[in-house]
Amino acid sequence: MSETIVGLDIGTSTVRAVIGVFTENNELQITGVGKAPSNGLRNGAIVNIEAAVKSISAAIESAEMMAGHDVLSVYTAIGGAQVSSTNSKGIVGVAGNGKGSQEITQRDIDRVLEAAKAVPIDMARQIIHVIPQTYTIDNQKGIKKPLNMIGVRLEAEVHIVTAAVTSVQNLVRCIDRAGFGVEDIRLKTLAAAESITTEEERELGSIIIDLGGGSTDALVLVEGAPVCSV
């Protein structure tokens with residue numbers, strides 16, 4: 001059975017849903033789209049759960065009718081004033097592969113990313129993204145993929161995106177009460193950047209501006225990675 005992906009964009013003015021199916025060639029084919037007027041939101045944040053649930057249900061039902069099959073779960077995104085970001089750095093010693101080699105393993109990469117995200121975060125916020133910007137191995141900077149390289153010390157610079165816990169909970173609750181599960185929550189501008197920019201544009205540097213009905217979000221990309229999201 002082909003894998004189905006469902007995206008849900010809950011905006012201040014409109015709720016949109018899109019259903020895609022991966023073909024045998026691993027290409028994503030859009031099979032259904034739907035939209036409905038958005039109620040229960042102000043400046044990108046949910047202020048009336050019941051009204052938001054009705055809008056979500058209407059948009060997904062419209063997409064289901066076009067696609068010809070039911071939706072079980074969705075990928076959605078968050079933005080607006082409830083999101084903030086910061087940059088951080090982590091440093092670890094390379095543990096190696098356990099056979100005397102200082103070859104960097106996936107475990108080393110996971111450890112350095114954990115170290116990088118160990119920054120003070122308000123109890124009312126939660127991390128939704130830890131995005132690697134660049135790695136440094138023994139003072140050699142600008143490394144994008146350190147896996148299997150040789151070194152003693154591994155550093156990582158990352159972009160951390162956080163969101164208000166209550167905003168995330170209200171978003172999940174609305175989708176749940178509409179009868180759907182939540183596969184993942186992403187930053188809106190990050191999802192947009194992955195969709196509309198090429199790898200070359202991201203490497204050269206780009207600014208993504210999302211002009212919404214109640215809020216405007218922006219994402220700055222430098223050398224393929226986000227450095228600022230507001």
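The exercises below concern the pockets and the cysteines of this predicted model.

**Exercise 1.** Describe the largest pocket by its volume, its lining residues and the elements that supply them.

Solution. Begin with the volume: the largest pocket holds about 1100 Å³ of space. Next, turn to the lining, which comprises 41 residues, with Leu8, Asp9, Ala77, Ala191 and Ala192 lying nearest the centre of the pocket. Then sort the lining by class, which gives 17 nonpolar, 16 polar and eight charged residues. Finally, assign the lining to secondary structure: at least two residues each come from strands E1 (4–10), E2 (14–22), E3 (28–37), E6 (73–78) and E12 (206–211), and from helix H4 (188–196).

**Exercise 2.** Describe the second largest pocket, and find which element gives the most to its lining.

Solution. The volume of the second largest pocket is about 320 Å³. Its lining is made up of 18 residues, and those nearest the centre are Ile131, Pro132, Gly224, Ala225 and Pro226. Two or more lining residues are given by each of strand E8 (125–137), helix H4 and strand E14 (225–229), and E8 gives the most, with five residues. By class, the lining of this second largest pocket divides into nine nonpolar, three polar and six charged residues.

**Exercise 3.** Determine how many disulfides the structure holds, and classify Cys174 and Cys228 as buried, partly exposed or exposed.

Solution. The count of disulfides is zero. For the classification, recall that buried means under 20% relative accessible area and exposed over 50%, with partly exposed in between. Cys174 has 0% relative accessibility and therefore counts as buried, whereas Cys228, at 31% relative accessibility, counts as partly exposed.

Notes:
Residues are numbered from 1 along each chain as its sequence is written. This is a predicted model: local features need pLDDT of at least 70, side-chain atom pairs count only at pLDDT 80 or more; totals for chains, interfaces and linings use all residues. Side-chain values use heavy atoms; hydrogens and water are left out. On a 1 Å grid over the protein atoms alone, a cavity is a set of points where a 1.4 Å probe fits but cannot get out, and a pocket is an open set with protein on both sides within 12 Å along at least five of seven lines; lining residues have an atom within 4 Å of a point. Grid points are joined across faces, edges and corners, and a volume is the space filled by probe spheres set on the points. Helices (H or I, at least four residues) and strands (E, at least two) are DSSP runs, numbered from the N terminus. Ala, Val, Leu, Ile, Met, Phe, Trp, Tyr, Cys and Pro count as nonpolar, Asp, Glu, Lys and Arg as charged, and the others, Gly among them, as polar. A disulfide is a pair of cysteine sulfur atoms within 2.5 Å. Buried means under 20% relative accessible area, exposed over 50%, partly exposed in between (1.4 Å probe, protein chains only).
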